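Visitor: I am new to this kind of picture and would like to learn how to read it. Could you take me through a few features, starting with the general idea each time?

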Protein chains: 4
Amino acid sequence: MMTGTEYIESLRQLKTEIYAFGEKITNFVDHPLFRPHVNAAAVTYDMAHEPEFEDLITVKSHLTGKKISRFTHIHQSREDLVKKIKMLRLIAQRTGTCFQRCVGFDGLNALYTTTYEMDQALGTNYHAHFVKFLKYVQENDLMSAGSMTDPKGDRGLRPSQQADPDMYVCVVKRTDEGIVIRGAKAHQTGIINSHYMIIMPTVALGEADLDYAVACAVPVDAPGVFHIFGRQTNDERRLEGEIDTGNARYAVVGGEALTVLEDVFVPWDKVFMCGENQYAGMLVERFACYHRQNYGACKCGVSDIIIGATTAVAEYNGVARASHIKDKITEMVHLSETLYCCSIACSAEGGKTPSGAYFVNPLLANVLKQNVTRHIYEICRLAHDIAGGFIATLPSEKDFNDAKTGPYLEKYFRGVSDVPTEYRVRMARLVENMTGGTALAESMHGAGSPQAQRVMIIRQSNMEHKKRLAKKLAGIPEQD
Amino acid sequence: MMTGTEYIESLRQLKTEIYAFGEKITNFVDHPLFRPHVNAAAVTYDMAHEPEFEDLITVKSHLTGKKISRFTHIHQSREDLVKKIKMLRLIAQRTGTCFQRCVGFDGLNALYTTTYEMDQALGTNYHAHFVKFLKYVQENDLMSAGSMTDPKGDRGLRPSQQADPDMYVCVVKRTDEGIVIRGAKAHQTGIINSHYMIIMPTVALGEADLDYAVACAVPVDAPGVFHIFGRQTNDERRLEGEIDTGNARYAVVGGEALTVLEDVFVPWDKVFMCGENQYAGMLVERFACYHRQNYGACKCGVSDIIIGATTAVAEYNGVARASHIKDKITEMVHLSETLYCCSIACSAEGGKTPSGAYFVNPLLANVLKQNVTRHIYEICRLAHDIAGGFIATLPSEKDFNDAKTGPYLEKYFRGVSDVPTEYRVRMARLVENMTGGTALAESMHGAGSPQAQRVMIIRQSNMEHKKRLAKKLAGIPEQD
Amino acid sequence: MMTGTEYIESLRQLKTEIYAFGEKITNFVDHPLFRPHVNAAAVTYDMAHEPEFEDLITVKSHLTGKKISRFTHIHQSREDLVKKIKMLRLIAQRTGTCFQRCVGFDGLNALYTTTYEMDQALGTNYHAHFVKFLKYVQENDLMSAGSMTDPKGDRGLRPSQQADPDMYVCVVKRTDEGIVIRGAKAHQTGIINSHYMIIMPTVALGEADLDYAVACAVPVDAPGVFHIFGRQTNDERRLEGEIDTGNARYAVVGGEALTVLEDVFVPWDKVFMCGENQYAGMLVERFACYHRQNYGACKCGVSDIIIGATTAVAEYNGVARASHIKDKITEMVHLSETLYCCSIACSAEGGKTPSGAYFVNPLLANVLKQNVTRHIYEICRLAHDIAGGFIATLPSEKDFNDAKTGPYLEKYFRGVSDVPTEYRVRMARLVENMTGGTALAESMHGAGSPQAQRVMIIRQSNMEHKKRLAKKLAGIPEQD
Amino acid sequence: MMTGTEYIESLRQLKTEIYAFGEKITNFVDHPLFRPHVNAAAVTYDMAHEPEFEDLITVKSHLTGKKISRFTHIHQSREDLVKKIKMLRLIAQRTGTCFQRCVGFDGLNALYTTTYEMDQALGTNYHAHFVKFLKYVQENDLMSAGSMTDPKGDRGLRPSQQADPDMYVCVVKRTDEGIVIRGAKAHQTGIINSHYMIIMPTVALGEADLDYAVACAVPVDAPGVFHIFGRQTNDERRLEGEIDTGNARYAVVGGEALTVLEDVFVPWDKVFMCGENQYAGMLVERFACYHRQNYGACKCGVSDIIIGATTAVAEYNGVARASHIKDKITEMVHLSETLYCCSIACSAEGGKTPSGAYFVNPLLANVLKQNVTRHIYEICRLAHDIAGGFIATLPSEKDFNDAKTGPYLEKYFRGVSDVPTEYRVRMARLVENMTGGTALAESMHGAGSPQAQRVMIIRQSNMEHKKRLAKKLAGIPEQD
């Protein structure tokens with residue numbers, strides 16, 4: 001397993017093609033816009049070497065018996081699913097942000113289980129290819145991006161109905177050696193600092209959409225692949241200094257990109273689905289549920305920081321003992337731990353798939369994510385309430401350092417007299433940035449938008465059974 | 001283990017003294033006011049004999065190795081805690097109401113763990129007494145009431161500060177044979193159809209309140225014990241007929257009473273705490289957490305019925321396919337399953353106590369109950385929304401049966417033409433009664449009022465740790 | 001104008017045919033099931049004679065110049081609309097319940113404005129007929145029921161598509177003298193103690209539904225008319241005693257009935273619409289908006305009582321100074337006054353119709369009612385929270401009066417020592433009954449169900465204008 | 001009255017001393033960081049000259065009889081209060097942001113009414129001074145900042161208890177000519193582009209805090225006054241281009257500064273309170289209520305834009321007809337119009353003060369602002385839900401303009417095929433920026449933090465009256 005430093009070095013070896021702010025980026029690893037994201041991912045490597053977390057972050061491979069990072073593991077039990085949750089919360093408590101590595105992790109598990117069942121049903125041979133790739137990932141401790149979301153164009157139309165056929169990634173050519181794919185993947189979390197991208201379709205597909213039923217693994221620096229980095233709330237503050245970013249070391253969200261696939265060749269041994277449209281839906285659902293499972297873990301870890309920071313600001317403001325402040329902090333904890341409950345529950349209630357790998361309880365995983373789309377907003381609202389209006393009107397770090405204005409800001413932004421003004425400002429900037437735009441939108445749309453969860457919740461809820469139970473009690477024959 | 005019928009017969013053997021509506025009740029077992037509650041409890045006996053639920057509802061005693069009802073079991077693992085949840089939801093799906101037997105179950109587990117730790121620390125000998133009693137309960141498959149809540153008088157005063165010293169149950173005499181206790185216990189769920197009551201203190205106690213630190217087991221028909229039954233929403237409908245009660249067989253809430261203890265003698269071998277005030281708080285907390293654990297199980301089972309009934313009414317009204325109806329039903333499922341997640345999580349995250357018995361995660365159990373005090377009201381609100389205003393204006397069953405009015409009601413209360421009006425009325429009455437006053441208040445105050453949970457949530461949430469995490473990210477020395 | 005006593009006497013002169021609990025009721029005025037509803041309506045008569053409310057509850061008729069009850073008035077200004085609101089809140093603060101008289105009041109205003117515009121457009125002569133009837137109502141100070149809601153059968157079908165053509169009131173015969181109508185009206189608030197019913201259609205109607213486009217005035221004791229009274233939460237407690245009903249004098253909801261119209265003859269001068277289907281929608285909307293306007297007034301007045309009662313219980317319990325109690329009471333006030341704001345706003349923003357009468361702002365009236373369907377539930381939830389679990393487990397009044405149990409209940413249900421137990425019980429019963437089933441459902445469905453309001457909110461919100469504003473700011477040509 | 005252009009020119013005449021990003025700003029009027037705020041305020045000048053808004057935005061001065069901007073007017077009737085609301089919503093619909101001029105407007109009205117009552121009670125002569133200043137403001141159509149919020153230091157301590165006595169603005173010297181004040185005012189909305197600042201105390205003051213009881217008018221460029229500009233979410237995007245700011249012309253929030261008062265001299269005729277601590281509380285409350293009144297107007301106007309923009313994005317995405325999208329947009333309208341209702345209501349329910357000026361209903365104004373602190377967050381949450389995740393991952397404007405990446409972004413960020421990608425991006429950026437960090441925090445803390453409103457709500461709600469009403473209905477003597 002790599003250390004964080006080795007991971008960072010491994011990124012330098014790649015020829016990843018990245019664009020941002022109208023420029024081609026030559027050394028993203030050391031670029032202040034990207035480095036915090038790299039640092040956050042590096043924590044997943046470093047913590048694996050810390051003895052106290054060994055049991056959580058490392059695991060024995062069921063393929064090779066060797067010790068591997070859990071991020072490359074296939075869940076072999078409910079306990080594995082629960083440990084995933086604990087690992088994610090723990091790392092989020094250190095980074096205070098998205099560390100990006102769960103997406104590929106979920107892609108690996110989704111493909112492992114789906115290719116197995118697809119091969120069983122259709123007689124294809126994808127699972128063996130996939131296991132070979134998985135071993136390679138495990139042995140080299142690689143970071144993968146989970147590449148599912150297509151640009152989608154007109155959301156009212158299926159892939160093959162789009163005016164532009166490239167709005168969903170599709171196979172444009174098949175040869176003896178492999179396939180050629182074209183299109184793009186949007187919202188690619190962590191992709192610029194990954195080694196591989198795990199490409200999957202983004203919707204269930206019908207007969208008309210066979211060419212869109214494609215799953216495969218592609219190096220992020222493969223010929224034809226390039227990445228256009230998305231901008232985030234307050235991203236330019238990273239180029240200026242440290243304090244105003246809130247979380248200078250790790251940033252407050254994961255970095256995301258639009259990844260363009262311009263006629264990219266993929267050899268057959270890295271192709272895990274090609275035309276089996278009837279399994280696209282299963283793959284999407286598997287990935288979505290594995291990924292939704294995470295949000296009560298990492299967002300709860302992130303909320304731990306928001307709650308701690310908000311409490312600290314309240315102390316610095318001199319109001320920590322006010323009953324309404326304590327009550328609001330209690331509410332923040334309540335909302336956050338409700339998310340954690342849902343993550344634990346969908347893991348503890350997981351089940352074994354035909355491949356032997358464990359899958360989360362899909363109903364509860366969707367219930368969880370639906371709660372995330374609400375609770376994180378409310379947690380951030382309460383953080384704003386408690387922290388106070390100055391999180392929105394603080395002058396810049398440069399003003400604090402300026403000879404003329406600095407002393408006045410030092411004087412007038414002090415809260416309780418025994419806490420340095422700088423601490424109060426640092427904590428306020430942490431709250432501000434962790435509760436702002438991109439971080440909120442990520443809670444809403446990461447792992448799928450709210451309506452996607454609602455569709456799955458009602459589908460999974462066995463309404464016929466509920467009606468039968470009610471009829472029995474009401475004295476109505478069950479069949480009526 | 002008894003069957004439901006044997007359980008009901010066993011109640012006839014008792015001399016339980018009950019008052020209701022200004023009368024002394026001579027045969028409560030067959031009285032229409034009480035029989036539904038008896039029936040609901042009897043389901044816990046009957047289902048234990050159904051093979052498909054054997055693994056859930058029966059278990060091997062860790063004391064005797066014999067097969068016993070889980071309701072008399074001491075949790076030996078996290079799996080036991082999780083199975084408790086599944087059992088409770090399952091039974092609630094059959095009864096659609098409180099079956100009352102969990103309260104004593106939780107009292108047994110609370111006393112088992114607390115007496116062990118108390119004996120270890122203080123050198124007392126309560127645990128052995130308790131184990132003896134527990135074996136008796138297991139062998140005879142008894143139902144116990146968990147008797148915690150005292151009348152409490154002025155909530156701003158401690159027990160010994162009350163104008164009337166009997167506002168909390170207290171020891172008024174100690175002899176060589178045992179103790180004499182006086183006072184009352186309020187909100188005694190299921191007590192009239194229990195065999196024993198497990199008396200516990202209701203608050204943490206100081207040095208001034210030593211005589212209030214008392215725990216013991218008392219037969220519900222012991223000399224000096226009598227019960228005044230509380231009235232419930234629409235309780236008199238039970239005396240009239242079947243349909244208007246909604247759930248004629250099991251009622252829609254558990255029956256509750258004020259139990260008066262008028263100088264009741266308890267022999268020493270049934271006394272499990274007497275003056276050890278420093279352990280009162282632990283006992284209260286253990287019981288509260290075990291009991292709060294349940295509410296995402298039984299209330300979720302009850303909600304399954306409400307959701308099923310509401311959906312059926314929507315079908316009978318001809319609106320089941322409207323998008324806003326489907327969306328509201330989805331929301332009901334979402335809210336209900338969130339509660340279930342919390343019950344699963346506080347169980348799966350439980351831990352071993354010094355006695356070897358398992359205890360739930362107290363933070364998550366309190367988070368769960370806090371959610372119950374909100375979600376059940378919202379579920380009922382949505383049920384009202386979907387079902388329609390006629391749940392509040394339906395004429396009585398007698399009017400439906402009347403020669404003059406019956407045919408008109410039959411005609412004008414019909415919904416879709418192919419469903420008998422009676423079905424629509426029955427289902428509406430089920431919704432009405434399951435979402436009314438007492439059922440709501442029970443969700444609010446059962447297992448403790450909301451503020452009690454908030455106090456425990458903030459106490460259990462390790463705020464110092466959260467602040468340290470935030471300071472590290474904000475670049476502030478941890479000690480500041 | 002009549003006094004309350006004269007009003008009650010006037011009811012005795014009617015031959016109103018009423019059925020309840022399987023019986024024909026011979027003297028409803030003095031029957032304990034109905035008398036509280038009669039008393040509540042009588043308050044609208046009595047308060048008109050109290051000098052301090054003269055300006056609010058009486059007004060000069062724009063038709064005759066005479067002083068009349070505002071309940072028979074046609075709004076002549078925005079100030080009239082606002083005074084209506086203040087009057088309703090004031091009366092609700094005295095009755096603590098629905099006093100039923102606003103429904104007919106709203107029917108009068110809806111018909112006044114609609115018949116005027118219909119006559120203008122179609123050359124019909126309904127307005128003159130209506131004005132004649134209105135003068136009669138004003139001069140005799142009559143109470144009218146607003147009879148809109150049809151049974152509706154299958155909600156997915158239009159009136160003429162129903163399996164049973166009577167599911168909506170329709171004209172079955174036309175003669176030179178008048179028309180004959182058949183069908184029923186559901187949820188008829190206050191009808192048993194009204195003098196007239198104002199019949200209106202309940203939905204917009206198409207060409208196929210011409211016979212359902214009928215509006216007219218019918219005496220509640222006309223031949224062919226009879227009423228089957230709906231049962232309510234805890235209605236039977238009225239037959240037993242006083243305390244357990246909570247509000248013995250006025251009940252906690254308005255009385256409602258299914259009114260059957262069995263081939264009822266209506267002379268032409270009482271017919272205000274007959275076949276003009278294109279005006280059915282306007283009439284429904286007018287009535288709905290006038291009626292929705294009220295709910296932030298009467299429900300706010302009712303909430304004033306709930307808030308006062310809850311605060312009193314908190315004091316009796318000894319917890320009124322706890323910060324969380326004060327915060328929850330503040331929230332109850334906040335929610336209630338938000339409703340009041342909406343009632344004031346839709347009135348103050350009302351406008352003049354072609355007839356000269358004033359109409360509320362329809363967007364804001366619907367926003368108001370939508371809030372009612374949420375806030376009242378939350379207010380009741382908070383009342384349960386604060387009052388405590390004993391509202392759900394109190395024994396009956398008979399037990400308090402019983403020689404054996406009375407002294408124990410007196411002893412153990414005492415809160416703070418200087419308040420009689422009876423006061424605490426009375427206040428708890430008031431809270432219990434005001435926050436129970438029927439009262440909640442009335443807030444949900446009275447004046448139309450939530451989805452009806454949402455349809456009107458979006459229709460009234462001028463989305464095209466909002467999009468144009470956004471495009472201008474975003475730098476997008478408005479037409480794109 | 002000035003035009004917008006004249007207003008902007010008038011700012012150039014001032015010597016306002018401004019610092020931002022560590023630099024002294026020499027020409028803020030044309031600086032891209034400040035110009036949008038100047039533009040927004042200029043709209044209040046320009047619209048006064050548009051004939052269709054004349055009745056709303058201009059008014060006859062009660063002092064001079066001349067036509068003036070309503071922003072310098074003293075409310076002479078409830079109608080004036082209501083017109084203020086309509087004016088604010090209208091302007092916000094054009095700017096999509098804070099136009100800053102209401103703060104000084106509210107300060108003028110608060111001082112007008114308070115100085116009158118103070119003079120009456122204490123025999124002081126402040127009102128005449130104030131009226132003289134007011135005439136000057138009206139005649140010159142000046143923009144004033146309402147300068148209330150002090151830095152406050154330790155929020156648990158009173159002004160005179162602070163370790164640093166300057167944490168609240170105080171009088172440090174009194175001479176025959178005037179006074180000298182020192183301190184700072186925080187969160188000064190619009191101050192850099194105002195002419196005058198209206199200084200007021202920020203809390204009720206006791207005997208120990210006499211020197212802090214100071215109100216006066218000071219030119220924003222007076223000697224000793226300087227401003228340190230606060231940074232906002234994404235403020236640096238203004239320095240780069242147009243699209244990414246969302247609202248390039250007017251920004252998405254008002255500009256705010258910390259204004260330092262370094263021993264500033266104020267002549268007596270501009271002093272309106274100096275030592276009358278007993279009137280500080282009234283002045284604070286008057287200002288707070290007048291200012292809270294606004295938030296259902298301007299925030300509703302801003303929400304009109306957010307709703308329009310979100311709807312447009314939904315159309316561009318191809319999902320506008322989905323039922324869940326329509327339902328969420330309906331909810332946004334509902335929440336926004338609820339705020340508007342509260343603004344109308346607190347205005348329509350306003351009353352006359354002893355000075356003849358009208359004051360809003362303080363209970364309802366606080367209820368309104370409390371709703372703002374919740375509804376705006378929910379509106380923004382729904383906007384995120386509907387708009388989609390791409391608002392958080394869009395590449396920068398520069399990438400769209402870049403020769404390499406531009407065509408790919410053009411291709412892959414297209415929604416429905418007939419809408420240019422640029423439109424979709426522009427609208428998404430508008431949504432992103434209007435729903436981000438600073439805009440949210442402004443809704444929370446502008447015009448006072450939530451707890452300040454709750455304190456006033458409970459204080460204004462006449463709980464004793466509510467208890468009396470409840471006791472009467474419960475049959476309890478009123479005095480008990």
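Guide: Let us begin with contact, which means heavy atoms within 4.5 Å. Leaving aside neighbours within four places in sequence, Asn39(C) is in contact with Ile8(C), Arg249(C) and Tyr250(C). This is a predicted model, in which local features need pLDDT of at least 70 and side-chain atom pairs count only at pLDDT 80 or more, while totals for chains, interfaces and linings use all residues. Residues are numbered from 1 along each chain as its sequence is written, chains are lettered from A and ligands numbered from 1 in the order in which they are written, and side-chain values use heavy atoms, with hydrogens and water left out.

Visitor: Is Asn39(C) buried or exposed?

Guide: Buried means under 20% relative accessible area, exposed over 50%, and partly exposed in between (1.4 Å probe, protein chains only). Asn39(C) has a relative accessible area of 12%, so Asn39(C) is buried.

Visitor: Which domains does the assignment give for chain A?

Guide: Domain bounds come from an automatic or database domain assignment, and for chain A this gives domain 1 (4–279) and domain 2 (291–474). Their C-alpha centres lie 25 Å apart, and the contact takes 37 residues from domain 1 of chain A and 40 residues from domain 2 of chain A.

Visitor: How many salt bridges are counted between domain 1 and domain 2 of chain A?

Guide: A salt bridge is a side-chain nitrogen of Lys or Arg within 4 Å of a carboxyl oxygen of Asp or Glu. The count between domain 1 of chain A and domain 2 of chain A is 5. Elsewhere in the listing, the side chains of Arg89(A) and Glu337(A) form a salt bridge at 2.8 Å, N to O.
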